[in-house]
Amino acid sequence: LSERLSGVFDRLTKQGALSEDDVKTALREVRVALLEADVSLPVARDFVKKVQEQATGQAVTKSITPGQQVVKIVHDALVDTLTGEGEPGALKIDNPPAPILMVGLQGSGKTTTTAKLAKRLTEKDGKRVLMASLDVNRPAAMEQLEILGRQIGVDTLPIVKGEDPVAIAKRAKTQASLGGYDVYMLDTAGRLHIDAELIQQAAQVRDVANPRETLLVVDGLTGQDAVNVATEFDDKIGVSGVVLTRMDGDGRGGAALSMRAVTGKPIKYVGLGEKMDAIETFEPDRIAGRILGMGDIVSLVEKAQETIEAEQAEKMMKRFQKGRFNLNDMKMQLEQMLKMGGMEGVMGMMPGMGKMAKQVQDSGFDDKILKQQIALIQSMTKMERANPQILQASRKKRIAKGAGMEVSELNKLLKMQRQMGDMMKKMGKGGMLKQAMKGMF
Ligand code: GDP
Ligand code: MG
């Protein structure tokens, strides 16, 4: 596929903008790549259509080929679709003891994943975890969890023969409260297929435990089936997140894309083997690369990205050196900061900014504020962004209202823009700006 793609891309002509034909030709190959990666047909079709609309007419960036550019657009769109809201892998486990319900088909990896997550929560997050097996169907299922628990040093609820899943869930809850646990995990029984009994059982347990997270464990190698399973579980039980297992296999991970596109549920973790450490938070970037299928495409994309960002940085720097720093520049900066791990991350990279980073942090300036500031700038007209000095009281009122904020917050933003502008000017003179920008892009 790699060769086929680059062949097609080499033939794309280099004009001012990506032509519809160029994009179509490239996307035909991308569609094949998606299907080969086990993305479901309707999802692949929708995805390609979306990218087609985005890409056609886009100006060709001068230092990369149109083919690279289409790949970059495809890659970014994949990452976009794969990205769930919130921190990757974050679980709602405040208010101890927090119940986590694990559901899924038999053999999907529920028990293994329960233990892997328990280990992670214990070791990484310092949580006290209690695991309980509710699998009364399969002989030795409860012992399986007990053995894993002993192996990883996590407590399991003592086994009482003859209890039903609801009774076990109740006992786990009591034990977790009395024992001062932060989290208790309920590992349910699965079936080979979804049936009424399985769903009913899981629903009863859910009603008793009132789980903070209901994690659906699905076999990442099962492609379209995985999506059907997810839809069904979500409809009937309600799922808060997905764990894709067997991503160490040679499947391409297309299930991830279909899953996100169809159910909209965040993929929280991926299972990468049978060992207890073989679990990672879901990284959209990595799966996007895998779906496109090959290292050289990914490195192509990375190179394209670097080039584009370097060009942007260059342009911006020229403006700063001339002492120009308007709200458009600021918006770009703020967005870039968000992308790079927020305020703290960026400030840390800039020489001489350590102290300011600390001040900023102490003043409670966090990513939420970054987003609010971007919203404020967005609610300005083009002219206002380029010429912040024209902002009088009435304009300010309108802008603040448009962003759902107070004028005082807008004033803070404007003050910061002026300060940043001054700083840029000063730094530009000393050549420090160049150095600082290098760290940022
Ligand atoms: P359950 O029936 O859903 O509880 O599934 P289990 O947790 O018992 O797992 C079934 C089998 O799949 C076991 O042999 C696990 O070791 C294996 N397994 C689970 N997760 C993964 C994974 O991410 N990668 C691989 N290769 N095997 C896994
Ligand atoms: Mg099991």
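What share of the 441 residues in the chain is buried? The figure is 39%.

Let me start with confidence. The average pLDDT over the chain is 81, and 78% of the residues reach at least 70. For the complex, the predictor reports an ipTM of 0.99 and a pTM of 0.67. Where pLDDT is low, the predicted coordinates should not be read in detail.

Next, the overall fold. The chain holds 20 helices and 8 strands. If we take the contacts with a separation of 6 or more, 75% of them link residues 24 or more positions apart.

Now the sheet. In what order do the 8 strands of the open sheet run? The order is β3-β2-β4-β1-β5-β6-β7-β8, with mixed pairing. At the edges sit β3, residues 155–156, and β8, residues 279–281, and each of these pairs on one side only. As a reminder, strands of a sheet pair through backbone hydrogen bonds, either parallel or antiparallel. One pair to look at is strand β5, residues 213–219, with strand β6, residues 241–245. These two run parallel and are joined by 5 bridges. Within that pair, Val-217 has Val-243 of β6 as its bridge partner. Helix α8, residues 196–209, packs on the sheet, where it touches β1 (98–103), β4 (183–187) and β5. The direction of α8 makes about 175 degrees with that of β1.

On to the ligand. Which residues are closest to ligand 1? They are Gly-109, Lys-110, Thr-111, Thr-112 and Gly-271, out of 17 residues that surround ligand 1. Helix α5, residues 110–123, supplies the largest share of this shell, with 3 residues. Sorted by class, the shell has 11 polar, 4 charged and 2 nonpolar residues.

Is Glu-143 buried or exposed? Glu-143 counts as exposed, because it has 12 C-beta neighbours inside 10 Å, and the cut-off for exposed is 12 or fewer. Glu-143 and Ile-159 are 16 residues apart along the chain, and their C-alpha atoms are separated by 8.2 Å.

That is the tour.

Technical notes
Residues numbered from 1 in each chain as written. Chains lettered and ligands numbered in written order. Predicted model: local features only at pLDDT ≥ 70, side-chain atom pairs only at ≥ 80, totals over all residues. Near = placed C-beta within 6 Å. Helix = DSSP H or I, 4+ residues; strand = E, 2+ residues; numbered from the N terminus. Nonpolar A, V, L, I, M, F, W, Y, C, P; charged D, E, K, R; others polar. pLDDT = per-residue confidence, 0-100. Buried ≥ 20, exposed ≤ 12 C-beta atoms within 10 Å, placed from the backbone. Contact = placed C-beta atoms within 7 Å. Pairing = 2+ DSSP bridges. Axes fitted to C-alpha atoms, helices over the stretch in contact; angles between N-to-C directions.
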